[in-house]
Amino acid sequence: MGVTKTEIFTEQHNRIANLAKAFSHPARVAILQLLIARKTCICGDLVDELELAQATVSQHLKELKRIGIIQGEINPPRVCYCINPRVWEEARQAFGSILESFESVTCCN
């Protein structure tokens, strides 16, 4: 397996790629949608809703938190997670900018 050369790309390229990881697995998309719908969530509820193992949900939550798109508040014995509005807006603007920059062309059939 080759080494990824993230250092040859700009900080912005790397950040957008990192934000895209939040949407790169259907379980993460489902978690984000549940957090948006409920505006807050407790990990145990996510396990019940998604019918995934606790360890699996925890790994996805850990990755989403590492990316920064969610934030968690520890309130033993539970952790309450919610969308991080600042990072959500950053992702919306980054993806919107890329998607809106495309103009339809007819060079490919």
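Which residues are buried in H4? In H4, the buried residues are Val57, His60, Leu61, Glu63, Leu64 and Ile67. Welcome to this predicted model; the briefing below starts with that helix, then moves to the core, the aromatic rings and the cysteines.

**Helix H4**

- H4 is built from 14 residues, and the distance from its first C-alpha to its last is 20 Å, close to the 20 Å expected at 1.5 Å a residue.
- Looking down the axis of H4, you would find its buried residues within an arc of 160 degrees, so they line one face of the helix.
- An α-helix has 3.6 residues a turn, so residues three or four places apart point the same way.
- After H4 comes Gly68, with a positive phi near 100 degrees.

**The largest nonpolar core**

- This core has 21 residues, and the ones that touch the most other members are Leu61, Ile69 and Ile70.
- Two or more core residues come from each of helix H2 (26–38), helix H3 (43–50), helix H4 (54–67), strand S3 (78–83) and helix H5 (85–100).

**Aromatic rings**

- There are two aromatic pairs in the structure.
- One of them is edge-to-face: Phe23 and Phe95 sit 6.0 Å apart, centre to centre, with 80 degrees between the planes.
- Because Phe23 lies in the loop between helix H1 (11–21) and H2 while Phe95 belongs to helix H5, this pair ties together parts that are 72 residues apart in sequence.
- Phe23 counts as partly exposed, at 34% relative accessibility, and Phe95 also counts as partly exposed, at 23%.
- Ring pairs join Phe23, Trp88 and Phe95 into a cluster.

**Cysteines**

- How many disulfides does the structure hold? The number is zero.
- Cys80 is in no disulfide, and the nearest cysteine sulfur to it, that of Cys82, is 6.4 Å away.
- Cys82 is likewise in no disulfide, with the sulfur of Cys80 as its nearest cysteine sulfur.
- Cys80 is partly exposed at 26% relative accessibility, and Cys82 is partly exposed with a relative accessible area of 22%.

Conventions: Residues are numbered from 1 along each chain as its sequence is written. This is a predicted model: local features need pLDDT of at least 70, side-chain atom pairs count only at pLDDT 80 or more; totals for chains, interfaces and linings use all residues. Side-chain values use heavy atoms; hydrogens and water are left out. A nonpolar core is a set of buried Ala, Val, Leu, Ile, Met, Phe, Trp, Tyr and Cys residues joined through side-chain atoms within 4.5 Å. Buried means under 20% relative accessible area, exposed over 50%, partly exposed in between (1.4 Å probe, protein chains only). Helices (H or I, at least four residues) and strands (E, at least two) are DSSP runs, numbered from the N terminus. Rings of Phe, Tyr and Trp (its six-membered ring) pair if their centres lie within 6.5 Å; planes under 30 degrees apart count as stacked, over 60 as edge-to-face and the rest as tilted. The expected span of a helix is 1.5 Å times one less than its number of residues. The arc is that of the directions from the helix axis to the C-beta atoms. A disulfide is a pair of cysteine sulfur atoms within 2.5 Å.
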